[in-house]
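Me: Got a model here that I'd like to go through. Can you walk me through some of its features?

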Amino acid sequence: MTTVALTIIMIVGAYLAGSVSSAVLVCKMRGLPDPRTEGSGNPGATNVLRIGGVSSAVLVLFFDMLKGAAPAYLAFRLGVDPIALGLIAISACLGHIFPVFFGFKGGKGVATAFGATAPIGHFLALYLVLTWVAIVFITRYSSFAAICTALLAPVYTWWLDDRFTIPVAMLSTLIVIRHRDNIKRLLKGEESKVSRKRRNKSC
C-alpha cells in the first residue's frame, strides 16, 4: 500500500471515529437529557457536566480524547509524516465537530484535539491539561481556557518536539475558529461560566 493510500484511509477512519458522539451516547445510557437540546446545546464534556454531573462528564472527556488519540497514535506508529499526521488529527476533530452519524451537529473538538497530541508525548498532554484546568479554575470560563490552551499548544510543541509544531498549529487554528462565537460572547461579557448542575435531593 502506498503512503498516499494509507494516509487517505487513515483520514477517513479518523473522521468516522470522531463522528461517534460520546456526549450523546453517555447521556442516553445514563438517562440524561440530550446535550444537543439541553444546557448550552453543545455535545461536549462541559455541557454534560452542567446537565449530568462530574462522572458523566469524565466519561465523555475520556472517550472524546480517545477518538483523537487512537487514530493519531496508530498513524504515528505506522510512520506517517508530520503533515499527514496533522491532517489525520484534524479529520478526527472534524468528525467530532460535524459527525456524520449525528446529523453533522457536534461539539467544539477540544478534547479530541488534546487526545490527538498523544503521539508527541505525555508531557505535552500534561501541559495542555494543566493549562486548561488552571485557566478554568481562575476564570470559570471553559471556552476561554480552551482558546488559551490552543494558542499555547504550538509553543509547547515547539519546545518539546519541533517536528510536530505545524500539525499542532493546524489543530489549534481549527479550535480557535470553532470558538468564534464564544470569543464574541466573551468580548461582550455574555459567556456562561462553568457550573455543575445540582440535583435536588429528596428529604
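Predicted model: local features only at pLDDT ≥ 70, side-chain atom pairs only at ≥ 80, totals over all residues.

Me: Surface first. Which residues form the nonpolar patch?
Reply: Val 4, Ile 8, Val 12, Leu 16, Val 20, Leu 25, Met 29, Leu 94, Phe 98, Val 100, Phe 101 and Phe 104 form it. Together they have about 1,100 Å² of accessible area.

Me: Which helix gives the largest share of that patch?
Reply: Helix α1, with four residues. Ile 8 sits in α1.

Me: And which helices supply at least two residues each?
Reply: α1 (3–18) and α2 (22–29) each do.

Me: Switching topic. Where is Thr 46?
Reply: Thr 46 is in helix α3, which covers residues 45–52.

Me: What does Thr 46 touch, leaving out residues up to four places away in sequence?
Reply: Trp 132, Ser 142 and Val 194.

Me: How far is Thr 46 from Phe 144?
Reply: In space, 13 Å from C-alpha to C-alpha. In sequence, the two are 98 residues apart.

Me: Now the helix pair. How do the axes of α9 and α10 cross?
Reply: At roughly 55°, and the axes come within 4 Å. That angle makes α9 oblique to α10. Helix α9 spans residues 165–178, and α10 spans 180–188.

Me: Which residues meet there, α9 against α10?
Reply: From α9, Val 176, Ile 177 and Arg 178. They meet Arg 180, Asn 182 and Ile 183 of α10.

Technical notes: Residues numbered from 1 in each chain as written. Heavy atoms only, no water. Axes fitted to C-alpha atoms, helices over the stretch in contact; angles between N-to-C directions. Parallel < 35°, antiparallel > 145°, perpendicular 65-115°, else oblique. Contact = heavy atoms within 4.5 Å. Patch = residues over 30% accessible without salt bridge, like charges linked within 9 Å, V, L, I, M, F, W, Y side chains within 5 Å. Areas by Shrake-Rupley, 256 points an atom, 1.4 Å probe, with all protein chains shown as cover. Salt bridge = Lys/Arg side-chain N within 4 Å of Asp/Glu carboxyl O.
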